[in-house]
Amino acid sequence: IVSGSDDGTVRVWNSHSGKLLNELKGHSGWVNSVAISQDGITIVSGSNDKTVRVWNSHSGKLLNRLKGHSDSVLSVAISQDGTTIVTGSRDKTVRVWSVQNGNCVHVWYLNDHVELVCFNIDQNCIVVNNSKVFSISTFTELDPFYTLSDTNLNLVVDNWVVNTRTRLFWLPPYFQPTYQCAAAFNDITVAIGTTSGRVVIISLSPDRWEFITVTKKNKLENFVEKFLKLKK
């Protein structure tokens, strides 16, 4: 497990024993976000000090310090192959970085603070603030609804849970996701951190998706109780 703290440190833990394995020091501000590559070797951290740092999880060595953001870095993500880093900042930009040389290879300029960035399942797109999708290869903005048809990925778009171009159901205000929390998805389950402070896990029954798509907003709660298994 990797964690970041307001004391400016990044810590690596053994998930079974709870033992602290490494303490990574270097940030001069609050660490807002951390990510780790699939092989567990490369750690990325973003901080209020406006920098992104890349570490070796085993040795604790600082591999690179990425500069370019003009305000706090709020979210970081690293591709499964460990070659690409994506960062979002309060400066309203999303930046794509090469892990190999630390260069910034692209910048998107948005209208809002970027509080969440993540890769999709196929690793060919970046999801930003649970509402925008960008291609990692062409650096173009994509239609979230059409993008999902290629990945079979559930996503919250404008407070709708969407799959394969179809709006499955609308989330009431107290079920709507906050940008800063990561929402996790697979084919039949949606896990969302909500504005009420709760984590909600919704298990969908595939044979009922079509029926749910025709429901109206004001009837959602009845359908949730009847057709979804909801765990709070």
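**Reading aromatic pairs and a sheet**

Modeller: Two aromatic pairs are counted here, where rings of Phe, Tyr and Trp (its six-membered ring) pair if their centres lie within 6.5 Å. The model is predicted: local features need pLDDT of at least 70, side-chain atom pairs count only at pLDDT 80 or more, and totals for chains, interfaces and linings use all residues. Residues are numbered from 1 along each chain as its sequence is written, and side-chain values use heavy atoms, without hydrogens and water.

Colleague: How is the pair of W108 and F139 arranged?

Modeller: A pair of aromatic rings is described by the distance of the centres and the angle of the planes. For W108 and F139, these are 6.0 Å and 65°, an edge-to-face pair; planes over 60 degrees apart count as edge-to-face, under 30 as stacked and the rest as tilted.

Colleague: Which aromatic cluster contains W108 and F139?

Modeller: W108 and F139 form one cluster together with F134.

Colleague: Is W108 buried or exposed?

Modeller: Buried means under 20% relative accessible area, exposed over 50%, and partly exposed in between (1.4 Å probe, protein chains only). W108 is buried because its value is 7%, whereas F139, at 25%, is partly exposed.

Colleague: In what order do the four strands of the open sheet lie?

Modeller: Strands are DSSP runs (E, at least two residues), numbered from the N terminus, and two strands pair if DSSP finds at least two bridges between them. The order is β8-β9-β10-β11, with antiparallel pairing. β8 (73-78) and β11 (104-109) are the edge strands, each pairing on one side only. Five bridges join β8 to β9 (residues 84-89), and I78 stands opposite I85 in β9.
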